[in-house]
Amino acid sequence: MPPVPASYFDGRHAQAYAVTIDVDRGIAIVAGDGIERREALAALSITDVLGNAPRLVRFQDGAFCEVTDGEGLRRLLAEHGVAPSAVSQWEGSLRWIWAGAVAFLAVLFLGYRYGIPVAAGIVADNVPAAATTRLSAEVLAILDRQVFAPTRVPQERRDVIVRAFDRLDLPSRARGTEYRIVFRKSDMLGANAVALPSGTIVVTDDLVELAKDDRELLGVLAHEAGHVDRRHGLRNVLQNSIVGLVVAWFIGDVSTIAAAAPTALIQASYSRELEREADSYAVDVLRGNGIPVRHLADILRRLDEKSGYKDASRALGYLSSHPATDERLQRLEER
Amino acid sequence: MTLPDENAPAPVRTWKESFVFSGTGGEYFRIWIVNILLTVLTLGIYSAWAKVRRTQYFYRNTRLAGAGFDYHGNPIAILKGRIVAALLFGGYYAAGAVSPVAGVVAFVVLMCVLPWLITRSLRFRFYNTSYRGLRFRFTGSTADAYKTFLLFPIGTVFTLGLLGPMWHHSLKQYIHANASFGRTPFTFDATVSSFYRIYLAAAGVLVLLVLGAAAVVVPLLMAGTTNRQPSAANNAALMLSVMIIAAAYVFASVGLWAFTTARVQNLTWAHTQLGPHRFMSEIGAGRLVFITLTNLLGIVFTLGLYKPFAEVRLTEYLLGVSTVVVSGSLNDFVAGEKLEISATGEEAVEMFDVDLAI
């Protein structure tokens, strides 16, 4: 084995010396350009294989050799029983790298499909009720200042709706979730219902007016109850945050603004998934209480026609936070 | 006949040494992929070793005048730093969840601690970087850190950005004027007004970009909304204009960023000296935009697999346009004293995404 050429530095000055490294009976010999050093191979610290980056052979006093002939050094060391690390061997094997690339894509997909939703679910389930209640109260206070006006729906009408809802058999009531229906007038939101994590569900006057049958309202309330029971509010925030972080890590170095588009797409798809879950929950509740599912379908259809954004929402499909109404109606009619 | 003056100093030889990157995307891909998979398998603990491997690959492949750089970061120190940073980060998030007031308090505390963390981060990063066996050092004071990373940002916000160029100048000065290689200090002499000239030019570019985009988008938007009745053609026009606006926004922001970054970097290095040696940086904004945007497309369309290639490509370019104007010899540097520095600063700063790309 010919000696391996290297550059020697003494660690105290910037001067480079052209030397060669050889190993003889366990002793490393560095010689050339006025330098002559002998050291037990075991006393030297040799940096790992890192692609084709130069490797460094370090003496204990701070001096070192920089070796660019990676192959030569590897052979020299192999002759004397020094093998590259396991990690670098994995990096060196093309077959394992292909496997790694496939595993990487699998991890990405599994993370998106299961990892993030499950992790978000676990955290959401473990947030203390006191924090959720306070957060919801604050959100409602803000909404009351900016978006809502006091309701104009008559007291008796409200009582009828609340009583009908209270009579509903909901799986989550057994778990101790307490629901509170409140009514508000809102021109900005139009006909709508909003669920807050604490169990407070806000119903707008326009929605009450739009309903031709109270059972339609019960369908919508069941959907909102699904959001509460499955903790969609918190899960949504958590999932969105994690997605934001992961995408930013990937693309962020290049452009934080460009990361917004993929992030929005993924967040919207998560949002649609939660809406589908709430729809399924609503169907189960309606069936369990002997209410025909078509009532929910009726009011959804009426809401869709009223808003008039049918084509636009289909066009913006991937960016939409709710599945297209046609899809929702189809799923309701199937079940 | 006049004899040459024997006491005159011999003329000093100056020549240019260019930085070279000797690594490749293919090599780095292998390291990158194994890093990620091992990090996932160890639930993040390997990330400290992954970072050291990555940094060593890039530093050792950065070559100047026949020798490479090196990174001496200790994975255990980095791991400890990351744990501390994660606790800080978690505490900040938790405070925000408890109540808005707690969130604000946590934010203020964080802002007050950040300058100190940044200084530590710089000290760690610099000391663990060496060239030809001599270490770099950062000796910026914590007091100056507070001026640069707390007072200036607040001032910039209050002056609606007008103090921005001055802040950027103070940032570069804080880093370059407090750095040294071995026992030789760096010096920095760029003026504040030169930074203002760059940002003024950038503002001009922004105006041009906005006008250009508007010229394309406004007619499209008009076409999409003239007819009140929704129709397929109108929706198509609307969708198209939304996409064009989004793409133009990305293009414009990358373009502006590249313009400013290239100019600032070139200016900063042209006014930095290390002993008798000078520096040159010739980053071209156009080329930087092209590389950045194509890298971005590559990463998105390969679901991330192109990222290591993108990083190598960018590093290759940036190093290729960087030069040292050597005066005399590079051999005259001498080592400074040894130090022990922990990694807490560096990790905490990275967690909060403070990018101090020099």
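A salt bridge here is a side-chain nitrogen of Lys or Arg within 4 Å of a carboxyl oxygen of Asp or Glu. By that rule, the structure holds 27 salt bridges over all chains.

Some ground rules. This is a predicted model, where local features need pLDDT of at least 70 and side-chain atom pairs count only at pLDDT 80 or more, while totals for chains, interfaces and linings use all residues. Residues are numbered from 1 along each chain as its sequence is written, chains are lettered from A and ligands numbered from 1 in the order in which they are written, and side-chain values use heavy atoms, with hydrogens and water left out.

Start in chain A. Arg75(A) and Glu71(A) form a salt bridge, 3.6 Å from N to O. Both sit in helix H1 of chain A, residues 70-79. They are four residues apart, about one turn of the helix. Helices and strands are DSSP runs, numbered from the N terminus (helices are H or I, at least four residues; strands are E, at least two). Buried means under 20% relative accessible area, exposed over 50%, partly exposed in between (1.4 Å probe, protein chains only). Arg75(A) is partly exposed because its relative accessibility is 41%. Glu71(A), at 39%, is partly exposed too.

Next, a bridge between chains. Arg53(B) meets Glu91(A) at 2.9 Å, N to O. Why does this pair join two chains? Arg53(B) is in helix H2 of chain B, and Glu91(A) is in helix H2 of chain A, residues 86-92. Arg53(B) has 9% relative accessibility, so Arg53(B) counts as buried. Glu91(A) is buried as well, at 5%.

Now Arg60(B). Its place is helix H2 of chain B, residues 47-60. The side chain makes a salt bridge with Asp70(B), 2.8 Å from N to O. Asp70(B) lies in strand E4 of chain B, residues 67-71, so the pair ties together parts that are 10 residues apart in sequence. Buried or exposed? Arg60(B) is buried, at 3% relative accessibility. Asp70(B) is buried too, with a relative accessible area of 6%. Elsewhere, salt bridges with shared partners link Asp229(A), Arg230(A), Arg235(A) and Glu277(A) into one network.

What does Arg60(B) touch, leaving aside neighbours within four places in sequence? Its contacts (heavy atoms within 4.5 Å) include Thr47(A), Leu50(A), Pro54(A) and Arg58(A) from chain A. From chain B they include Gly68(B), Phe69(B) and Tyr71(B).

On to the cores. A nonpolar core is a set of buried Ala, Val, Leu, Ile, Met, Phe, Trp, Tyr and Cys residues joined through side-chain atoms within 4.5 Å. The largest has 82 residues. Which touch the most other members? Trp32(B), Ile33(B), Tyr57(B), Tyr131(B) and Phe181(B). Helix H1 of chain B, residues 25-41, gives the most to this core, with nine residues. A separate core holds 37 residues, among them Leu168(A), Tyr179(A), Phe183(A) and Ile291(A).

Back to Tyr57(B). Beyond four places in sequence, its contacts include Leu50(A), Gly51(A) and Ala53(A). In chain B they include Phe21(B), Glu27(B), Tyr28(B) and Ile31(B).

Last, the surface. In soluble globular proteins, nonpolar side chains tend to be buried together. Yet Phe109(A), Leu110(A), Tyr112(A), Tyr114(A), Val118(A) and Ile122(A) form a nonpolar surface patch. Together they have about 600 Å² of accessible area. Areas come from the Shrake-Rupley method with a 1.4 Å probe; for residues, only the protein chains shown count as cover. Patch residues have over 30% relative accessible area and no salt bridge; like charges are joined within 9 Å, nonpolar side chains (Val, Leu, Ile, Met, Phe, Trp, Tyr) within 5 Å. Tyr112(A) belongs to helix H3 of chain A, residues 94-125. Tyr112(A) is partly exposed, at 33%.
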